[in-house]
Amino acid sequence: FRRCALPIYVGLVVGLPYIGLSADVGALESSYVPPVMTYYVDNALGNDGNSGSQTQPWKSIGNGDATGVINPGDTVVVNAGAYVLTGVNGVSLQCKHGVPSALMTYRANGKVVLDQGSGLGANYAFKVDRSGIALQGFEITNAATGIYIGLGCDACSVDSCNIHAGNNVSG
């Protein structure tokens with residue numbers, strides 16, 4: 001499991017694009033805006049050392065966030081399959097964030113089942129601790145909380161997710 005580095009930038013995020021993990025203070029940001037990218041995840045064929053392309057998918061859903069690769073407007077397409085999650089936070093999205101005009105989207109491609117069958121009391125399939133995240137089309141089972149969206153995390157959306165076996169959405 002990789003954790004994101006603590007941000008060294010401390011500027012105020014006002015919804016405009018910036019380079020890095022956060023806005024700078026007292027400096028002019030570059031006008032360069034990275035191109036919008038689509039990344040892929042495949043539980044059976046992926047490897048987190050891959051590029052995340054369609055032919056070289058990642059194995060873990062949260063890999064792009066943990067490594068700081070994805071940016072506002074990017075999409076992570078999760079290919080069909082059963083994903084057994086480990087640890088209490090399952091897929092933890094805590095490093096990068098989107099903005100209202102450019103969400104970071106995680107989309108199921110076919111039937112994607114996230115099984116948080118760890119038996120570890122309070123656990124989550126998705127733990128979202130950043131703004132501007134969209135989750136689309138996932139089936140979630142065996143999690144105390146299917147999707148947790150942290151306080152202050154605005155501009156997030158959950159669409160067409162099936163959360164069952166006593167699970168819920170909170171935040």
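## A predicted chain: fold, aromatic pairs and a buried lysine

At 0% relative accessibility, Phe126 counts as buried, where buried means under 20% relative accessible area with a 1.4 Å probe and protein chains only. This is a predicted model, in which local features need pLDDT of at least 70 and side-chain atom pairs count only at pLDDT 80 or more, while totals for chains, interfaces and linings use all residues. Residues are numbered from 1 along each chain as its sequence is written, and side-chain values use heavy atoms, with hydrogens and water left out.

**The chain as a whole**

The chain has 1 helix and 10 strands, taken from DSSP runs (helices H or I, at least four residues; strands E, at least two) and numbered from the N terminus. Read from the N terminus, the order is β-α-β-β-β-β-β-β-β-β-β. Of the 171 residues in the chain, 41% are buried. Among contacts (heavy atoms within 4.5 Å) with a separation of 6 or more, 58% are between residues 24 or more positions apart.

**Aromatic pairs**

The structure holds 3 aromatic pairs. Rings of Phe, Tyr and Trp (its six-membered ring) pair if their centres lie within 6.5 Å; planes under 30 degrees apart count as stacked, over 60 as edge-to-face and the rest as tilted. Two of the pairs are set out here.

| Pair | Centre to centre | Angle between planes | Class |
|---|---|---|---|
| Tyr39 and Trp58 | 5.0 Å | 15 degrees | stacked |
| Phe126 and Phe138 | 5.1 Å | 65 degrees | edge-to-face |

Tyr39 lies in strand S1 (residues 38-41) and Trp58 in the loop between S1 and helix H1 (63-66), so this pair links distant parts of the chain, 19 residues apart. Both Tyr39 and Trp58 are buried.

The other pair also joins distant parts of the chain: Phe126 is in strand S5 (residues 124-128) and Phe138 in strand S6 (residues 133-141), 12 residues apart. Phe138 counts as buried because its relative accessibility is 1%.

**Lys96**

Lys96 sits in the loop between strand S3 (91-93) and strand S4 (104-115). The Lys96 side chain does make a polar contact with the side chain of Asn71, at 3.0 Å. A polar contact is a pair of N or O atoms within 3.5 Å; within protein, one must be able to donate a hydrogen and the other to accept it, and residues adjacent in sequence count only if both atoms are side-chain atoms.

Terms used:
Buried < 20%, exposed > 50% of the residue type's maximum accessible area, 1.4 Å probe, protein only.
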